[in-house]
Amino acid sequence: MGTRTLNYFSSFLFLSTLFSSYILGLVFYDATTGLDWMKYFNTVGYFLGFETEITDPQGALYFSLIAIFIELKADVLQSNSWNLILNNSIQLANFILYIIGTSGIFVLFKKKGYKFFTLLLSLSVLNFFPPALYFRLTMKPEVLGFALLPWAIYSLELYFEKRNINTLIFSSSLIAILITQKASISGMVFLVLITFFF
């Protein structure tokens with residue numbers, strides 16, 4: 001089998017597993033039944049303008065993004081079913097963040113010399129990997145960490161290669177966003193940075 005055929009096959013496999021996993025999640029899972037739903041939704045409600053008391057201030061950027069998607073979906077769907085709007089908004093926001101993260105993984109490992117079809121086959125498996133499915137289906141700030149961490153590593157590597165100040169500002173901004181979201185994300189970021197760069 002030629003390289004071009006393998007590339008087409010792996011591209012098709014990646015896209016089909018990506019979108020089928022998203023559609024299956026929408027059809028068979030309700031994000032409003034997830035763990036800590038009320039605790040997290042209070043924060044989203046704050047960004048929607050509800051009079052709620054925030055019990056956990058971590059992940060404010062992620063929850064503000066979810067609030068934006070809920071407002072957009074509420075305008076588009078005009079449905080009386082708030083569960084449908086909430087579920088679709090959460091899963092769409094997570095899906096977009098997941099695509100940002102997988103594209104970051106692709107770019108990072110492509111730079112390290114991995115082959116196109118090997119990367120896409122690996123990412124196809126990741127699309128149905130249970131922990132990846134879990135954070136795509138539920139309202140958890142960890143998906144924002146997944147989205148930004150590969151790009152932070154990639155931009156740091158570019159900075160160490162080229163010593164460009166713009167790259168340093170971009171990478172440090174991403175790291176600042178990551179470490180201020182949630183304690184578990186901060187720990188993951190520090191562990192990854194120590195492993196990659198020290």
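**View 1. Element order in the predicted model.** From the N terminus on, the protein chain runs α-α-α-α-α-α-α-α-α. The model is predicted. The chain holds nine helices and zero strands. Its radius of gyration is 18 Å, close to the 16 Å that the globule rule gives for 198 residues, so the chain is as compact as a globular protein of that length. Along the principal axes, the C-alpha trace spans about 50 × 40 × 25 Å.

**View 2. The largest nonpolar core.** This core has 48 residues. V44, Y62, I66, I70 and M139 have the most contacts inside it. Which helix gives the most to this core? Helix α4, residues 82-111, does, with ten residues. Across the protein chain, buried residues make up 44% of the 198 residues.

**View 3. Surroundings of I70.** I70 belongs to the core residues with the most contacts. Which residues does I70 touch, leaving aside neighbours within four places in sequence? The partners in contact are F41, V44, L48, W82, I85, L86 and S89. One of them, V44, is also listed among the core residues with the most contacts. In the protein chain, consider contacts with a separation of 6 or more: residues 24 or more positions apart account for 68% of them.

**View 4. Surface and charge.** The protein chain exposes about 10,700 Å². Carbon and sulfur atoms supply 69% of that area. The chain carries 12 positive and 10 negative charges.

How values were computed. Residues are numbered from 1 along each chain as its sequence is written. This is a predicted model: local features need pLDDT of at least 70, side-chain atom pairs count only at pLDDT 80 or more; totals for chains, interfaces and linings use all residues. Side-chain values use heavy atoms; hydrogens and water are left out. A nonpolar core is a set of buried Ala, Val, Leu, Ile, Met, Phe, Trp, Tyr and Cys residues joined through side-chain atoms within 4.5 Å. Buried means under 20% relative accessible area, exposed over 50%, partly exposed in between (1.4 Å probe, protein chains only). Helices (H or I, at least four residues) and strands (E, at least two) are DSSP runs, numbered from the N terminus. Contact means heavy atoms within 4.5 Å. The radius of gyration is taken over C-alpha atoms; the globule rule is 2.2 Å times the number of residues to the power 0.38. Accessible areas come from the Shrake-Rupley method with a 1.4 Å probe; for residues, only the protein chains shown count as cover. Lys and Arg count as positive and Asp and Glu as negative; His and the chain ends are not counted. The place of a charge is taken as NZ of Lys, CZ of Arg, CG of Asp or CD of Glu.
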